[in-house]
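This briefing covers a single protein chain. It starts with the overall fold and then moves to the core, the disulfide, strand pairing and selected loop residues.

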Amino acid sequence: QVQLVESGGGLAQSGDSLRLSCAASGGTSSTYAVGWFRQAPGKEREFVAAIRWSTPYYEDSLKDRLTISRDNAKNMVFLQMDSLKPEDTAVYYCVARNGAVTADTEDYPYWGQGTQVTVSS
């Protein structure tokens, strides 16, 4: 059973950077798409970024401020977020699926518990 544990969220100010980490266990490999969705208060979950093999995928509106990477030896995926804005405030979820990257929440059977990111102006 795949398990995902996020860390690295917290409080930040506009313009700051944060790096989120996702520790995966239970058999993920490079063939798995591992990534991030986020959910802001009162909004639906939205795709942020994902990586499969070494190929990154980003939500178009966010791609200039994000870098996703993975350390296969440690089964870790990282999301570097730069130039944070108050609208980035959300719970960030690590997700995984054995297949191609998609932006549909329903395609990902594995979810972490989420980590809160709060950005103040």
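Two strands pair if DSSP finds at least two bridges between them. Helices (H or I, at least four residues) and strands (E, at least two) are themselves DSSP runs, numbered from the N terminus. This is a predicted model, in which local features need pLDDT of at least 70 and side-chain atom pairs count only at pLDDT 80 or more, while totals for chains, interfaces and linings use all residues. Residues are numbered from 1 along each chain as its sequence is written, and side-chain values use heavy atoms, with hydrogens and water left out.

**Overall fold**

- The chain has zero helices and 11 strands, giving the pattern β-β-β-β-β-β-β-β-β-β-β along the sequence.
- The radius of gyration (taken over C-alpha atoms) is 13 Å, close to the 14 Å that the globule rule gives for 121 residues, so the chain is as compact as a globular protein of that length. The globule rule is 2.2 Å times the number of residues to the power 0.38.
- The C-alpha trace spans about 40 × 30 × 25 Å along its principal axes.
- Of the 121 residues in the chain, 42% are buried. Buried means under 20% relative accessible area, exposed means over 50%, and partly exposed lies in between (1.4 Å probe, protein chains only).
- The chain exposes about 6,300 Å², of which carbon and sulfur atoms supply 44%. Accessible areas come from the Shrake-Rupley method with a 1.4 Å probe, and for residues only the protein chains shown count as cover.
- Among contacts between residues at least 6 apart in sequence, 60% join residues at least 24 apart. A contact means heavy atoms within 4.5 Å.

**Nonpolar cores**

- A nonpolar core is a set of buried Ala, Val, Leu, Ile, Met, Phe, Trp, Tyr and Cys residues joined through side-chain atoms within 4.5 Å.
- The largest nonpolar core holds 27 residues, and Trp36, Val48, Leu79, Met81 and Tyr92 touch the most other members.
- At least two residues of this core come from each of strands E3 (18-25), E4 (33-39), E5 (46-52), E7 (66-71), E8 (76-81), E9 (90-97) and E11 (115-120).
- A second, separate core has six residues, including Ala33, Phe37, Ala50 and Val95.

**Disulfide**

- One disulfide is counted, a disulfide being a pair of cysteine sulfur atoms within 2.5 Å.
- Cysteine 22 is joined to cysteine 94, with an S to S distance of 2.0 Å.
- The link of cysteine 22 and cysteine 94 is left-handed, with -80° about the S-S bond.
- Cysteine 22 lies in strand E3 and cysteine 94 in strand E9, so the pair ties together parts that are 72 residues apart in sequence.
- Both cysteine 22 and cysteine 94 are buried.

**Strand E8 and its partners**

- Five of the six residues of E8 are buried, so this strand is mostly covered.
- E3 and E8 run antiparallel and are joined by six bridges; arginine 19 stands opposite glutamine 80 in E8.
- E7 and E8 also run antiparallel, joined by six bridges, and serine 69 has phenylalanine 78 in E8 as its bridge partner.
- E7 and E8 form a hairpin with four residues between them, and asparagine 75 in the turn has a positive phi of about 55°.

**Serine 7**

- Serine 7 is found in strand E1 (residues 3-7) and is partly exposed, with a relative accessible area of 37%.
- Beyond residues up to four places away in sequence, serine 7 touches Arg19, Leu20, Ser21 and Thr115.
- The C-alpha atoms of serine 7 and glycine 26 are separated by 18 Å, and these residues are 19 residues apart along the chain.

**Loop residues**

- Tryptophan 53 sits in the loop between E5 and strand E6 (55-58). Its phi is near 55°, a positive value in a residue other than glycine.
- Serine 83, in the loop between E8 and E9, has a positive phi of about 50° although it is not a glycine. Serine 83 counts as partly exposed at 41% relative accessibility.
- Glutamine 113 is in the loop between strand E10 (110-111) and E11 and is exposed, with a relative accessible area of 72%.
- Not counting residues up to four places away in sequence, glutamine 113 touches Leu4, Glu6 and Tyr93.
- Glutamine 113 and tryptophan 53 are 60 residues apart along the chain, and their C-alpha atoms are separated by 24 Å.
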